[in-house]
Amino acid sequence: MSEQRRSARDAGPPAARPKPTPPTSPTPIRESAAQDPAPQSKQRGESAQPAKGRPRRRRRRRGRGRLPDRAVVFVGPMAAGKTSLGKRVARELGIPFVDTDAVFVRQHGAITDFFAAHGEPEFRRIEAEVIADELAVPGGRIVALGGGAVLTESTRRLLASHPVVLLMTTQAAVLRTANIARRPLLRDDPNAWGRILEERRPLYEEVADVTYRTDRATKEQLARRVAQWARSYTKKTAGDPARGSDVAAARDEKE
């Protein structure tokens with residue numbers, strides 16, 4: 001072993017290096033980073049704005065559509081729910097509701113009293129005038145007709161240029177829920193409801209664009225269905241004998 005190496009070994013191990021002490025204050029943030037907290041996508045050069053030429057797709061709102069610019073008319077047998085359902089559909093669509101029987105009462109008194117004093121023919125004549133006045137009002141709204149309104153030919157002609165909803169039910173449902181005392185044709189013979197319906201059924205079907213059963217669903221469900229149908233309604237030429245059709249008619253009859 002050389003003299004130089006021997007002297008180095010005899011001197012002992014080398015002195016340990018001093019360990020660095022931790023900083024007493026946090027590391028200062030670079031000024032550029034503090035002033036520009038850009039998202040990662042921007043730092044990579046990606047644009048935060050949507051690419052040009054790619055318009056955002058707007059989400060379609062369900063149940064929206066253009067309403068008819070005229071009255072949607074409810075027809076059907078006595079106590080089928082034309083007034084109660086008509087009010088709900090009008091609220092759903094945000095349009096007015098009119099009950100032509102109520103208009104008649106305001107102008108001429110109770111229908112039962114009018115029947116007794118003047119007879120049915122005179123009642124039908126004035127009823128037709130009331131309906132013609134209400135259907136002549138422009139703009140969308142719901143108009144509910146009395147059960148026998150379709151007996152008048154002039155009324156049926158007017159309905160040819162309007163969306164017409166037919167509401168059907170059963171005699172059992174009517175006798176369970178209706179106020180018979182307010183129905184002059186049923187007051188003395190409650191079971192006459194079925195006979196009257198069969199007499200008027202061809203006229204109802206003649207004027208109707210769609211049919212709903214009011215004894216097979218809740219009023220809330222029916223109101224949504226009828227409102228949706230009204231929004232999507234399209235009409236052929238006014239007076240066209242080929243009435244429009246709707247899949248809801250067949251669906252509701254089977255439910």
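## Salt bridges in the predicted model

A search of the whole structure finds 11 salt bridges, where a salt bridge is a side-chain nitrogen of Lys or Arg within 4 Å of a carboxyl oxygen of Asp or Glu. The structure is a predicted model, in which local features need pLDDT of at least 70 and side-chain atom pairs count only at pLDDT 80 or more, while totals for chains, interfaces and linings use all residues. Residues are numbered from 1 along each chain as its sequence is written, and side-chain values use heavy atoms, with hydrogens and water left out.

Three of these pairs are set out below.

| Pair | Closest N and O atoms |
|---|---|
| Glutamate 220 and arginine 88 | 3.2 Å |
| Arginine 125 and glutamate 122 | 2.6 Å |
| Glutamate 129 and arginine 125 | 2.9 Å |

Helices here are DSSP runs (H or I, at least four residues), numbered from the N terminus. Glutamate 220, at 41% relative accessibility, is partly exposed, a term that covers the range between buried (under 20% relative accessible area) and exposed (over 50%), with a 1.4 Å probe and protein chains only. Arginine 88 is also partly exposed, at 27%.

Arginine 125 and glutamate 122 both lie in helix α7 (residues 120-135), 3 residues apart, which is about one turn of the helix. Glutamate 129 lies in helix α7 as well, 4 residues from arginine 125, again about one turn. Relative accessibility is 42% for arginine 125 and 42% for glutamate 129, whereas glutamate 122 has a relative accessible area of 28%.

Methods:
Helices (H or I, at least four residues) and strands (E, at least two) are DSSP runs, numbered from the N terminus.
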